[in-house]
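Reader: I am new to this structure. Please take one part and go through it closely, then carry on to whatever else is worth a look.

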Amino acid sequence: MNALFEYLVRLGDDSLIIGHRLSEWCGHGPILEEDIAMTNLSLDFIGQATSFLKYAGEVEGKGRTEDDLAYLRFDRDYRNLLLVEQPNGDFGMTIVRQFLFDAYRKLLFERLIHSKDETIAAIAAKSLKETKYHLKHSSEWVIRLGDGTEESHQRVQDSLDTLWRYTSELFYADEVDEKLVKDGVIPSMEGLESAWKASVNEVLAEATLKVPDNNWKHEGGRKGMHSEHLGYILAELQYMQRAYPGLEW
Amino acid sequence: MANKEWPLWEVFIRSKQGLNHKHVGSLRAADADMAIENARDVYTRRSEGVSIWVVASNNVFASNPGDADSLYEPSDSKIYRHPTFYEVPDGIEHM
Amino acid sequence: MKELDIATLQKRFQEKIDNDIKIEPRDWMPDDYRKTLIRQISQHAHSEVVGMLPEGNWITRAPNLRRKAVLLAKVQDEAGHGLYLYSAAETLGADREETIDDLHSGVAKYSSIFNYPTVSWADMGAIGWLVDGAAIMNQVPLCRCSYGPYARAMVRVCKEESFHQRQGFEIMTTLANGSPEQKAMAQDALNRFWWPSLMMFGPNDAESKHTEQSMRWKIKRHTNDELRQMFVDATVPQAELIGLTVPDKDLKWNEETGHYDFGEINWDEFWEVVKGNGPCNKDRIDTRRKAKENGAWVREAANAYAEKRNKRKAS
């Protein structure tokens with residue numbers, strides 16, 4: 001197994017799938033301004049996915065392009081977190097999903113900018129700028145909705161309770177991570193989880209939301225075992241490439 | 001208040017360092033933070049700005065267009081405010 | 001300052017227009033001028049926002065990452081353009097929410113082209129090429145419209161839209177040069193979108209009740225038929241260039257006039273779609289209404305939070 005390839009696909013797939021989910025909002029946002037904002041997020045993620053998957057293809061050395069990787073793998077070969085494939089739900093669900101993910105991504109990229117792999121460091125540096133803005137946006141919304149009306153509070157608390165079970169996977173690490181850390185390709189991720197908890201708890205407290213005590217772990221995405229939702233995402237994502245194989249668009 | 005529309009904000013963008021902020025339009029936002037972020041997303045999608053101001057539209061006080069004559073016309077006669085009013089001897093190129 | 005009578009105000013107003021001096025929000029203007037503008041600008045805004053839906057339909061199915069990003073950016077631009085236009089309408093006292101409610105209740109209209117379904121990827125090409133092409137014909141002259149905020153919004157819109165038509169034509173070109181099934185897909189999209197695109201310019205001049213007054217006020221700079229002819233003249237050679245056939249057996253170059261002659265538009269279809277009986281009218285409005293209803297608790301929460309925060313600051 002090529003650990004670097006595997007790692008890049010994990011990063012790329014997270015961006016690809018959450019970008020896809022966000023793009024489903026286009027035209028359906030709660031107000032025009034927010035519709036535009038969510039599309040901006042989505043565009044950032046599609047850009048990140050393109051960069052990571054392109055590099056993954058190069059590292060693999062089999063001539064696969066970013067599009068081959070994004071569009072022509074089977075479900076078991078996608079390596080994204082279960083969190084990012086969860087359905088949009090209402091706007092609050094989307095915001096909570098985004099917030100939990102952004103908080104993780106910011107800390108992750110803050111480390112990856114120190115990667116000895118120059119390409120990873122460069123993609124991380126660009127992505128970090130975007131992620132800081134994403135996190136600001138999602139944190140502010142979590143606070144507004146949490147500390148807004150009774151209804152909004154209840155809705156986001158429910159979303160948080162629903163999504164919390166997918167957060168332990170954010171810190172999933174296996175032989176892939178071990179090898180890359182050992183080889184000095186990526187820095188150690190020690191302390192990532194506690195830093196994430198601290199930053200998430202701070203926002204949740206301001207939002208008057210309760211940190212769920214459900215510690216059940218749902219994991220599998222990093223190894224290609226997904227929830228039922230991914231299949232439907234891929235059915236749409238891959239439709240054209242599967243229906244008309246091998247054509248230029 | 002159930003369905004109260006978000007307030008209107010006027011947006012001003014500094015397109016690059018060294019220029020004034022310029023009015024570009026308006027948008028709706030519940031608070032100033034949101035107005036700034038929305039302004040970024042709406043009015044600077046093509047890197048049109050380096051700095052954003054938002055002002056709640058109900059805080060903008062405007063002159064009455066009917067008074068335009070008395071507000072602006074008098075300065076038309078103050079030609080001494082313009083450099084071309086003054087004669088500069090030949091041989092001096094930049095002043 | 002002495003009171004001016006209406007007749008004098010009217011005369012001064014028309015003099016300004018005749019001298020190409022822009023009208024600004026707080027200037028005196030005839031009620032009908034204001035009403036006409038509000039109607040036109042909000043229709044235009046609604047068209048941008050409803051227009052997001054037929055293309056939005058293909059975002060999750062775009063065939064590669066580049067196309068997906070481009071399509072997403074384009075649909076997002078349409079949201080932005082809707083917003084610029086609502087913002088211009090607000091300078092005339094047309095509250096955005098009320099304007100949108102008029103759309104949802106069917107009182108306000110929007111461009112009828114968006115009531116046609118997008119059933120293949122090639123429709124993304126046809127819409128960019130034909131629909132945005134037609135829109136640009138309409139919009140470029142509006143940059144010189146007599147009402148300042150509308151003209152300025154249109155300058156922004158036109159600047160940003162320059163890539164929209166190109167990306168559409170690029171899709172069509174790729175398909176037309178592609179496999180037989182791709183070429184067929186492109187031709188099929190042209191067949192379905194050609195006539196509705198010609199309808200976008202509105203009824204024939206003889207039938208258009210607003211045109212004359214709007215031209216005198218310089219809200220409009222060309223008649224519907226003039227714009228339609230410009231569009232046909234510009235588009236037919238483009239279709240020929242990429243080897244697609246415009247679905248009009250009466251289409252031919254007229255040496256004498258220096259324009260293309262083209263067939264009769266099916267105006268019954270046009271009026272049916274305007275009345276709400278197009279293939280997607282109900283879907284489009286239901287979708288927009290649902291987005292608004294589903295967002296009500298979000299907007300309300302943001303208001304409640306802003307109020308709480310202001311109170312905390314004050315105390």
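**Cysteines and a chain contact**

Author: C:Cys145 is buried, at 0% relative accessible area (buried is under 20%, exposed over 50%, partly exposed in between, with a 1.4 Å probe and protein chains only). The model is predicted, so local features need pLDDT of at least 70 and side-chain atom pairs 80 or more, while totals for chains, interfaces and linings use all residues. Residues are numbered from 1 along each chain as written, chains are lettered from A and ligands numbered from 1 in the order written, and side-chain values use heavy atoms, without hydrogens or water.

Over all chains there are zero disulfides, a disulfide being two cysteine sulfur atoms within 2.5 Å. C:Cys145 is accordingly in none, and its nearest cysteine sulfur, in C:Cys143, lies 9.6 Å away. For C:Cys158 the closest cysteine sulfur is also that of C:Cys143, at 3.6 Å, which is too far for a bond. C:Cys158 is buried as well, with a relative accessible area of 18%.

Elsewhere, chains B and A touch. Each gives 12 residues to the contact (heavy atoms within 4.5 Å). Two salt bridges are counted between chain B and chain A, each a side-chain nitrogen of Lys or Arg within 4 Å of a carboxyl oxygen of Asp or Glu. One of them joins the side chains of B:Glu37 and A:Lys136, at 3.0 Å from N to O.

On the chain B side, strand E2 (21–28) and helix H1 (32–43) are the elements giving two or more residues (DSSP runs numbered from the N terminus, helices H or I of at least four residues, strands E of at least two). Helix H1 of chain B gives the most, seven residues.
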